[in-house]
Amino acid sequence: MEPVLVVGASVGGSIAANTLRELGVEVILLERDLNYVKPCGGAVPPLVFSEYHLPEDLIDRKVKTAVVASPRQMSEFPVASSHPSDRDFIAMVRREKFDRFIRQRAVERGATLIEGKFTGLQIGPSGVQVTYEDKRRRAQHVQAAAVIGADGAYSAVAKALGLERLPMAVAYQERIRLPAHTMQYWEQRAALYLGDDVSPDLYAWVFPKYDHVAAGIGAGAGKTQHARDLLNNLKSRLKDQLGEGESILFEAHHLPMHPRKHLSYDRVALIGDAAGLVQATSGEGIYWAMKSGEMAARAIAAHLDNPSAEHLRRDYDAQWWKRYRPTYTFLQLLQRISYNSDTQREIFAAMCQDPDVQRLTFDSYLAKHIEPAPWSVQMKITGHWLSTAIHELIVERFGSPRHGPSLLHRSQSN
Ligand SMILES: Cc1cc2nc3c(=O)[nH]c(=O)nc-3n(C[C@H](O)[C@H](O)[C@H](O)COP(=O)(O)OP(=O)(O)OC[C@H]3O[C@@H](n4cnc5c(N)ncnc54)[C@H](O)[C@@H]3O)c2cc1C
């Protein structure tokens, strides 16, 4: 039997290769540049470490406090789910270390790693002929039973299938080394900043790494040329927390903002960013790339003799959406009602102070599963949302109410 060829040896591709090897399938892992480091905030739920048996020394920091700041208010609250445990944290990793480990493990389990750039494919009745350029820019050919496109937002595999490029946002990030006394503030803290001044369509962030922080912004279509200005605005909002820092790296990359209609085609499955599986609301894509890599690999291994679009769509696409459609739908709705104007962002930031909202948010982030809240909690949240929305609309229309609540409040819920 011909091997399965996985294009892209980052998080998604390496998990796909690893899963195929566990199922006894021959794999070639083709990576354009083995020294490439994916620009990324590196925030992952701890679930990734248990599900994929990863050592926790890959974690730089365990974030236990989250900060959400809109132009007029800031809330700070613990990372705590409905069932408190020592797994209630956001793991911060550096992709240079994280990706290398996962890729190396796939190789140790028998995947053949080739450094080369995928350039095209031809699908036939009994297999796929893949063409790539080796390091000396010579064209090479390899015959595969099936292909997994794990080659990210600009996927050449998707292009070779004749698919259009997905709508994209750009994420732009600076890594900043801070003096010890400033780093102390970020040791267990990660922050999201909302506002037209820092991120017109998404949010800006500061995530801690082992000896530095990553500060970044997201900008939607048409606003990418302002990315540097937006990042400068973020840094001036955060003079006290980022001041005296030394800039060590600038990174930028596109993020797909919409999943593809189909994840599978005859003998080809797309995963992770190549399939548009990033959560548009949060820009979270690492877990989704790994999970889709695993599920696509399982579907291909089950149909190695005939990995037709029909088989793969039944065992990968349909299974994926059955499991995760509620999560994507909920987060898309959240984005629509939270990020489109400063009033919406104020409502969102105010709602983040609600302990029920905090718990539901972390339940779904940490467990990657959306469980409807009890009716009583849903009613409470709806009531709170309505009163907050009315308050923010009054503030927008008439300015600060004289005796209304303070415009800058912090909360620390338990
Ligand atoms: C600035 C920024 C911050 C982010 N922060 C977070 C975060 O905090 N948490 C989170 O979960 N997600 C975050 N994301 C999203 C996350 O980085 C991606 O969703 C994730 O890396 C997708 O993984 P992937 O395996 O699908 O593709 P990628 O990680 O993009 O990897 C694609 C791989 O394919 C290779 N490749 C490309 N073309 C070819 C070719 N022609 N031939 C061979 N190989 C090829 C590339 O070299 C690369 O190794 C962030 C993204 C950005 C841009």
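Where is arginine 137 found? I looked, and Arg137 sits in the loop between strand S9 (128-134) and strand S10 (139-144). Helices (H or I, at least four residues) and strands (E, at least two) are DSSP runs numbered from the N terminus.

Before going on, I noted the ground rules. This is a predicted model, where local features need pLDDT of at least 70, side-chain atom pairs count only at pLDDT 80 or more, and totals for chains, interfaces and linings use all residues. Residues are numbered from 1 along each chain as its sequence is written, and side-chain values use heavy atoms, with hydrogens and water left out.

**Backbone entries**

I found a positive phi of about 65° at Arg137, although this residue is not a glycine. Arg137 is exposed, with a relative accessible area of 66%. I kept the cut-offs handy: buried is under 20% relative accessible area, exposed over 50%, and partly exposed in between (1.4 Å probe, protein chains only).

Next I checked His53, another non-glycine residue with positive phi, near 50°. His53 lies in the loop between helix H2 (47-51) and strand S4 (61-63), and it counts as exposed at 63% relative accessibility.

**Core entries**

I then turned to nonpolar cores, meaning sets of buried Ala, Val, Leu, Ile, Met, Phe, Trp, Tyr and Cys residues joined through side-chain atoms within 4.5 Å. The largest has 70 residues, and Phe49, Phe98 and Met290 have the most contacts inside it. Helix H8 (residues 286-302) gives this core its largest share, 10 residues. A second, separate core of 27 residues includes Ala66, Ala171, Phe362 and Tyr365.
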